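Visitor: Could you walk me through this one? I'd like to hear how its parts hold on to each other.

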Amino acid sequence: MSSTLRPPSTNSSLNSSSSSTPGNGSSGYHGDDGDREVLSSEDLSVMEDIYWEINPFDLVEWRKLFESLDSREAEFMLWACQQEPVIRGEQLGCIWTLSDIDKDTSLSFDEFSIALFLINHVHNKGKKIPKSLPNEWLPTHQHRVYSRSAQFPGLVKKSRGVILKPETSPSSVNNSQRRQDDAIVAKGSGGSVFYINGVPMQAGDCVVSAPRPSHLPPKTTEENMKHMREAELIQAKLKKHLEQEEKERERREELKAIKDKKMQENKKYWLSVIDTWPQKKSLPKTKLLWWQGFPPSVRGKMWELSLSNDLNITRDLFVIFGAHARSTKDARAAKKRQDRVKEGETGEEIREEKRVTVEGEEKEITNVVVLGREDTVDLIHLDLPRTFPALSIFQPDGPCHNQLKDVLEAYVCYRPDIGYVQGMSYIAAVLLLNLDTFPAFKVLANLLNKQLFRVFFKMAQDEVEAYMNWFDSLVCQYLPKVHKKLVQMDIKHTYTVDWIMTMFSKALPIDIAMRIWDMSFLEGESFIVRCSLGLLKYYSNKIEKAPFEGIMHMLTKLPEIEEEELFAAIEKIDFTMVHMSKFVVAIRFWCSIALRRYGDMICLSL
Amino acid sequence: MAGQMRKALTYKLVLLGDAGVGKTAIAVQFVKGQFNPFLESTIGASFMNQTVTLPDETLIKFQIWDTAGQERFHSLAPMYYRGAQAAIVVYDITNRNSFEKAKEWIKELQQQGDPNVVVAFVGNKVDMPEARKIQPSEGESYASENGLFFIETSAKTAENVSELFMKIAKQLPSIQRQKDITSGPSNPGVKPGVGAPSKGKGGCCG
């Protein structure tokens with residue numbers, strides 16, 4: 001019971017923390033002269049007996065306590081009696097008199113902390129209650145905003161305010177009216193920044209007005225009133241800000257709850273679709289629900305069903321290429337060792353030792369012929385830990401590390417003409433988040449076989465350039481204002497490379513990206529282009545006004561994405577596979593020009 | 001001139017080098033003062049910007065294009081280094097292959113890039129001295145042969161990272177001034193990076 005009053009560290013910290021007291025906050029009480037009575041020597045000894053120091057950890061506990069309690073006199077006394085029956089009523093009375101500094105029969109948090117400090121002091125040591133508080137703990141001017149902040153270690157001074165570090169200040173704005181003398185105390189929940197007196201404040205910071213430095217003259221009443229008004233204004237602003245943040249959070253949670261509920265309802269339908277595939281594929285209801293995205297539990301299966309296995313990838317094929325990948329890797333490792341020996345990097349003796357093993361392997365090495373891009377396997381190992389690093393599941397110790405490695409390595413051996421290209425790890429990873437290893441490989445192989453991906457993963461300059469030109473014409477057609485601005489700023493559409501090669505999974509939040517994937521499996525790769533245009537539409541107003549850096553920031557970081565608004569923007573772009581077919585024509589056209597342009601050179605080089 | 005107006009001079013800077021040498025890490029360390037060993041691999045390119053103040057109060061704003069390192073993305077590189085006033089070619093001091101690759105980038109820049117481009121030849125990852133394969137002298141001699149400036153950095157410990165950009169920044173305005181002198185009294189405060197090069201792309205708007 002009483003432990004609420006005494007957080008575990010209280011005793012030791014009260015006794016030992018004086019060494020960490022900053023600046024003027026030592027146990028001294030000789031600070032200000034004041035109009036207080038002269039203390040007797042006994043009183044002085046009582047006061048010297050106390051380390052006037054509050055541990056910040058206690059403050060954290062006390063803050064919670066303070067929020068949950070009624071701090072008016074009667075209620076507080078009753079609570080304290082229940083908590084600490086050892087302390088006599090008159091002692092509590094003394095403590096109250098000392099603590100309620102402004103005599104408003106209610107405790108501010110500062111006063112509350114003093115009360116708890118004194119209660120702990122009496123309870124733990126059985127010592128007398130001092131007759132007064134040290135000067136540093138008292139407001140020295142009648143109107144001065146009171147704060148003990150300087151006494152507490154762990155406080156950071158910023159300009160005119162003193163900011164409690166977030167971990168020591170779980171305060172809330174709800175109580176701010178109760179402690180008017182407590183200046184400004186605030187706490188936010190999000191990561192936003194707001195400003196007080198021009199000082200940037202992180203949400204979660206706690207502001208307590210700084211005590212007026214002793215070398216400054218006391219404030220006039222007018223000045224003080226003005227400052228109080230300013231403080232109130234800031235407080236009101238802060239409150240509004242926090243309320244808005246809270247509302248926003250609630251709104252998001254509400255939206256998420258609605259979405260989750262909808263997904264739960266849809267799940268049944270999707271299970272029936274899976275059972276009767278492909279009969280229900282073209283039903284209007286299916287298409288309508290498809291637009292809302294798949295529930296996570298059926299997503300993988302739906303992806304697998306909706307992407308036809310044009311390449312006839314079989315499980316055996318996957319196993320064979322997996323084995324092929326391993327042997328290639330071993331051979332390459334042996335060859336590397338051999339090269340190292342030839343280079344003579346190692347010492348004489350070690351070299352001799354290695355030569356023996358290398359000669360044994362030499363026969364094997366000559367058997368593996370590497371003509372394609374199998375050597376890109378090395379890059380896979382570099383990229384595995386860098387794929388969705390925040391999820392920590394594809395890193396060397398992560399649960400899906402080996403699966404991702406197997407899928408990518410097998411793909412490299414299956415398509416040595418393409419090899420591994422950065423970006424693939426993201427696509428394979430998203431598949432593995434929803435599918436087992438073999439189905440993931442099957443879907444990956446078929447997906448990357450689509451025209452759009454073939455162009456990008458081959459990265460032939462002419463073809464990519466052809467795509468960029470074609471996409472530019474689309475932006476001009478669908479979003480002429482955005483196009484004008486981008487041309488004016490000389491921004492090429494190279495930002496789309498990242499979007500396409502990871503299917504938005506790197507640039508967008510993963511759940512939004514997966515919903516885009518869902519639609520891509522319905523509409524085909526045209527949806528990726530449609531979504532690219534949709535993103536430009538989503539940001540169109542901002543793009544038209546932003547400077548170069550702002551636009552680049554938007555297009556590369558895709559900040560502040562609202563899922564439904566984005567999908568509303570995408571919906572307005574009328575773009576389907578029919579439009580996409582023009583792309584093929586465009587590619588052929590551009591490549592034929594390129595061939596004409598470079599034809600002579602190719603002939604010469606042959 | 002521009003310094004008194006406190007107007008930032010904007011320059012386009014491109015980071016080139018093999019995959020995994022730490023291009024993004026250097027840029028992130030410079031821009032945000034952070035290091036993350038598992039930065040996402042760069043696909044295509046990414047964009048960042050940062051401003052530095054020279055001792056003479058000139059503000060230099062860098063538009064940093066951080067390119068993808070993989071060979072496959074090589075075909076995109078010209079889009080980024082064309083029109084760049086500065087290039088940082090990075091290699092990993094623990095990886096000889098990346099050193100050779102860096103030399104290739106230098107050659108390409110010399111042939112295809114802007115002749116006035118300021119090029120920094122950077123050996124990264126000096127926080128791993130035990131794995132070092134390329135001695136500083138080797139990088140230094142290559143750089144001096146080719147008229148580049150050489151520096152070894154660690155994006156992890158931030159060693160020499162801001163020095164690298166400051167050094168580039170110091171070289172840039174002088175080049176700009178030289179240009180102004182040679183090309184007559186054109187306005188020096190205007191950013192050379194953004195809209196200047198290759199305006200005439202036919203486009204589709206007609």
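Visitor: Is A:Arg332 buried, partly exposed or exposed?
Guide: Keep in mind that this is a predicted model. The relative accessibility of A:Arg332 is 23%, and buried would need a value under 20% while exposed would need one over 50%. So A:Arg332 counts as partly exposed.

Visitor: Which residue does A:Arg332 form a salt bridge with?
Guide: The closest N and O atoms of the pair are 2.5 Å apart, and the cut-off for a salt bridge is 4 Å.

Visitor: Which residue forms a salt bridge with A:Glu562?
Guide: Side chains of opposite charge can pair when their charged atoms come close. Here the closest N and O atoms are 3.2 Å apart. The partner is A:Arg251.

Visitor: And how far apart in sequence are the parts tied together by A:Glu562 and A:Arg251?
Guide: A:Glu562 sits in the loop between helix H23 (548-557) and H24 of chain A, while A:Arg251 belongs to helix H7 of chain A. So the parts tied together are 311 residues apart.

Visitor: Which residues are linked in the salt-bridge network that includes A:Glu562?
Guide: A:Glu562 and A:Arg251 already make one salt bridge, at 3.2 Å between the closest N and O atoms. Both belong to a network of salt bridges, and its members are A:Glu248, A:Arg251, A:Arg252 and A:Glu562.

Visitor: What about A:Asp518 and A:Arg299: are they buried or exposed?
Guide: Their side chains meet in a salt bridge, 2.8 Å from N to O. A:Asp518 lies in helix H20 of chain A and A:Arg299 in helix H9 of chain A, so this pair ties together parts 219 residues apart in sequence. As for cover, both A:Asp518 and A:Arg299 are buried.

Visitor: Which residues of helix H8 of chain A are buried?
Guide: H8 of chain A runs over residues 284-292. The cover over its buried residues includes helices H7 (221-275), H9 (296-306), H20 (510-523), H21 (526-538) and H24 (563-572) of chain A. Just after H8, A:Gly293 takes a positive phi of about 95°. The buried residues themselves are A:Thr286, A:Leu289, A:Trp290 and A:Trp291.

Visitor: How far apart are the end C-alpha atoms of residues 228-265 of chain A?
Guide: UniProt, in an unreviewed entry, lists this span as "coiled-coil region". In the model the span is 100% helix and 0% strand. Its end C-alpha atoms lie 55 Å apart.

Visitor: Moving to the interface, how much area do chain B and chain A bury between them?
Guide: The contact takes 33 residues from chain B and 41 residues from chain A. On the chain B side, B:Phe38, B:Ile43 and B:Arg72 lose the most area to chain A, together 22% of what that side buries. Carbon and sulfur atoms carry 60% of the buried area between the two chains, and the total is about 3300 Å².

Visitor: Which residues form the salt bridge between the two chains?
Guide: There are 12 residue pairs in polar contact between chain B and chain A, but the salt-bridge count between them is one. Its closest N and O atoms are 3.4 Å apart, and the residues are A:Glu549 and B:Lys61.

Visitor: Which element of chain B gives the most residues to the side that touches chain A?
Guide: The elements giving two or more residues to that side are strand S2 (45-53), strand S3 (59-67) and helix H3 (77-81) of chain B. The top contributor gives three residues, and that element is S3 of chain B.

Visitor: What pattern does chain B follow along its sequence?
Guide: Chain B has six helices and six strands, and 53% of its 206 residues are buried. Read along the sequence, the pattern is α-β-α-β-β-α-β-α-β-α-β-α.

Terms used: Residues numbered from 1 in each chain as written. Chains lettered and ligands numbered in written order. Predicted model: local features only at pLDDT ≥ 70, side-chain atom pairs only at ≥ 80, totals over all residues. Heavy atoms only, no water. Helix = DSSP H or I, 4+ residues; strand = E, 2+ residues; numbered from the N terminus. Buried < 20%, exposed > 50% of the residue type's maximum accessible area, 1.4 Å probe, protein only. Contact = heavy atoms within 4.5 Å. UniProt positions renumbered as here; feature names shortened; annotations may be inferred. Buried area = accessible area lost by both parts, 1.4 Å probe. Polar contact = N/O pair within 3.5 Å; in protein donor to acceptor, adjacent residues only side chain to side chain.
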